[in-house]
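I opened this notebook to record what I looked up in one structure. The entries cover metal sites and helix packing.

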Amino acid sequence: MPSIFIAALVFACLCGISITVGYHRLFSHRTFEAAWPVKLFLLVFGAAAFQNSLLKWGSDHRVHHKFCDTEKDPYNINRGFFWAHMGWVMFREPSKFKDQFPMSRDLLKDELVVWQHKYYLPIAVLVGIVLPGLVGYLLGSALGGFAVIGFARIVAVHHSTFLINSLCHVLGAKTYSDEHTAKDSPIMALFTFGEGYHNFHHTFQADYRNGVKWYHFDPSKWAIWSLSKVGMAKKLKRVPETTIRNARIKMEQKRFAASGAANLISNQG
Ligand SMILES: [Zn+2]
Ligand SMILES: [Zn+2]
C-alpha cells in the first residue's frame, strides 16, 4: 500500500509541474520555448490534472493578469477568499467576453494545443483516471490506484493550483509592486511548485522564474533550467537584474516613507 502513496506523489508532481511549467509559464506567459516532446508531455499530464484544456486555462489566466483585482478578473480576490480559491470554478457566470478565448489567438496557432483542446476529456480520463487504476493494479490494488493516484491526487493538485489564486493574493510581502494584490511567500512556494513568489510573478510575468533568487524554492524554475541544459528548452526569458532591483528599492522606500509618517503621527499624538 505505501507504494500506491508514493506513486500518487509522483503523479501529483508530474501533473502539478505540467500545470506550472506547461500551462502557466510556457503557454500562458511564453517565458521560454520548448521542444515538441516536452510540450506534448506537459499538455497530456496537464490535462490529467482536470483543470480544463490549456486554451481555456490560459485564456482565464491571461485575463486574470490583465484585469487583476477587477470585475473582469475570473478569480478576483476582492470577491472573497472562497471565490478566488474555488468558488469561481463552481459558480462562475458566463464569460463577460464575446470571444471564447480572449487574448489567446497565438495559442490557436499551435497544433498540439488545438489537439489537446479537441481531445481534452479523453486524454484527461485516460491519463488522469485509467492510468492511475492500471498503476494501482500493478502495485496490488486497482481500486487503491483509482482512489489515491487518481481522485485524491486530482483534489490535492486542484487545491495547490487554487492556492495560487487565493492565498497567494492574501499572504506574504509586496516585494516588487503594490499595484496588485499578489504577494511573495516562501511558505506558499512549498505548496505550489514555486509559484508562491506571486508578487514577483505579477510584476514581471515575462520572466521564467517566480523565485528569482537562486535559493528560492521554485522547482518549476529548476525544471525549465534543467530542460534548457539538455537542449529541450531554449530562449529562457529573464527580466534585467537592474529592473528587478529598482522595483525592490522603490517598494522599500515606499515602506520606509510610510513607517516614517506613522512614527511622526504617533509622536505628535
Ligand atoms: Zn501568471
Ligand atoms: Zn495571481
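The entries below begin with conventions and then take the sites and the helix pairs in turn.

**Conventions.** I worked from a predicted model, in which local features need pLDDT of at least 70 and side-chain atom pairs count only at pLDDT 80 or more, while totals for chains, interfaces and linings use all residues. Residues are numbered from 1 along each chain as its sequence is written, chains are lettered from A and ligands numbered from 1 in the order in which they are written, and side-chain values use heavy atoms, with hydrogens and water left out.

I looked up the protein donors (N, O and S atoms within 2.8 Å of the metal, or 3.2 Å for Na, K and Ca; water is not among the atoms, so sites may look incomplete). Helices are DSSP runs (H or I, at least four residues), numbered from the N terminus.

**Zinc ion (ligand 2).** The protein donors are the NE2 atoms of His64, His169, His198 and His202, lying 2.1 to 2.2 Å from the ion. Along the chain they follow H-x104-H-x28-H-x3-H. His169, in the loop between α8 (142-165) and α9 (186-191), and His198, in helix α10 (residues 198-203), are 29 residues apart.

**Helices α1 and α7.** I noted that α1 (residues 2-28) and α7 (residues 120-138) pack at about 150°, with axes 11 Å apart. That makes α1 roughly antiparallel to α7 (angles over 145 degrees). In contact (heavy atoms within 4.5 Å) are Ile4, Ala7 and Phe11 of α1 with Val127, Leu131, Pro132, Val135 and Gly136 of α7.

**Helices α2 and α6.** The axes of α2 (residues 36-47) and α6 (residues 111-118) come within 10 Å and cross at roughly 20°. That makes α2 roughly parallel to α6 (angles under 35 degrees). Trp36, Lys39, Leu40, Leu43, Val44 and Ala47 of α2 meet Leu112, Val113, Trp115 and Gln116 of α6.

Notes
Axes are lines fitted to C-alpha atoms, for helices over the stretch in contact, and angles run from 0 to 180 degrees between N-to-C directions. Helices (H or I, at least four residues) and strands (E, at least two) are DSSP runs, numbered from the N terminus. Angles under 35 degrees count as roughly parallel, over 145 as roughly antiparallel, 65 to 115 as roughly perpendicular and the rest as oblique.
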